[in-house]
Amino acid sequence: MKSPAPIRLNKYLSHAGICARRTADVLIQQGQITVNNRQVTELGYRVGGTDVVRYRGQIVQAEAAAYILLNKPKDCITALHDPRGRRTVIDVVRHASPYRIYPVGRLDRHTTGLLLLTNDGELAHKLAHPASQISKTYEVSLDKPLTSSDLASLSAGVMLSDGICQVDTVVPVGTTGGTIRIGIHMGRYRVIRRLFEQLGYQVVKLDRVGYARLTKKGLGRGEWRCLRSDEIGQLRKLASK
């Protein structure tokens, strides 16, 4: 069987889920990576299938990249583990991949909907970075109907404690005015809940129904699926902008 072609060391570390490639370059320059028990500080150094790579003395195993799309259930923590023993998203997707995967960004405990998990450190870093401007769409159920003036305020932008928040789209769903679909690029902490709290509403239910052009179509609550190759390519294209 033909051996895999050598790849750059920073790419190897990224595929192993250690960090993004730029961070890997820093680790290499700092002398924190060894290959076959020899310290390597050369950027662009390539490793093959028989090379033994170590970081902090521990062997690093390059893994095939995994990309999992989860429809996160309620009362589920976006974390690798929870010291209080609560259910995590990793518990939900435990059998999705033989490799260790990580959530890209966060959804709070009571928020449901789309969450991407991967071991592609470079892509995860780019998607989570504000510069990527990844679009997210939420369906929000409120404790009372949204007034036309507050709808206009959302469209114009709302001042929060950490600066003004601009949304991309805001559309009522149904006829009662209590459910709103909102599109946003910002990734600030609890930004959707804070937006409506600033206007005097309580969010009863928050569901992320779109992420970077991915949707929940065919994906029930608590279910997951592997991304198709065209979807992975689409994410990489969005992240490279």
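Accessible areas are derived here with the Shrake-Rupley method and a 1.4 Å probe. On that basis, the accessible surface of the chain amounts to about 13100 Å², and carbon and sulfur atoms contribute 50% of it. The structure is a predicted model.

**The chain as a whole**

The chain contains seven helices and 17 strands. Along the principal axes, its C-alpha atoms fill a box of roughly 65 × 40 × 35 Å. Of the 241 residues, 45% count as buried. Among the contacts with a separation of 6 or more, 62% are made by residues 24 or more positions apart. The side chains include 37 positive and 20 negative ones, and the centres of these two sets are 3 Å apart.

**Helix α2**

Helix α2 spans residues 21-29, and its buried residues are Ala-24, Asp-25, Leu-27 and Ile-28. These residues lie on the same side of α2 because they cover an arc of only 165° around the axis.

What do the buried residues of α2 pack against? Their partners are α1 (9-15), β2 (33-35) and β5 (53-55). After the helix comes Gly-31, which has a positive phi near 80°.

Strand β14 is formed by residues 179-184. Is this strand mostly covered or mostly uncovered? It is mostly covered, with five of its six residues buried.

| Strand | Residues | Sense relative to β14 | Bridges to β14 | A facing pair |
|---|---|---|---|---|
| β10 | 136-142 | antiparallel | six | Tyr-138 and Ile-182 |
| β13 | 169-172 | antiparallel | four | Pro-172 and Ile-180 |

Strand β13 is linked to β14 by four bridges, with Pro-172 standing opposite Ile-180.

Strands β13 and β14 also form a hairpin, with six residues between the strands. Within this hairpin, Gly-174 takes a positive phi near 80°. A positive phi near 80° is likewise found at Gly-31, which follows α2.

Definitions and conventions. Residues are numbered from 1 along each chain as its sequence is written. This is a predicted model: local features need pLDDT of at least 70, side-chain atom pairs count only at pLDDT 80 or more; totals for chains, interfaces and linings use all residues. Side-chain values use heavy atoms; hydrogens and water are left out. Buried means under 20% relative accessible area, exposed over 50%, partly exposed in between (1.4 Å probe, protein chains only). Helices (H or I, at least four residues) and strands (E, at least two) are DSSP runs, numbered from the N terminus. Two strands pair if DSSP finds at least two bridges between them. Contact means heavy atoms within 4.5 Å. Lys and Arg count as positive and Asp and Glu as negative; His and the chain ends are not counted. The place of a charge is taken as NZ of Lys, CZ of Arg, CG of Asp or CD of Glu. The arc is that of the directions from the helix axis to the C-beta atoms.
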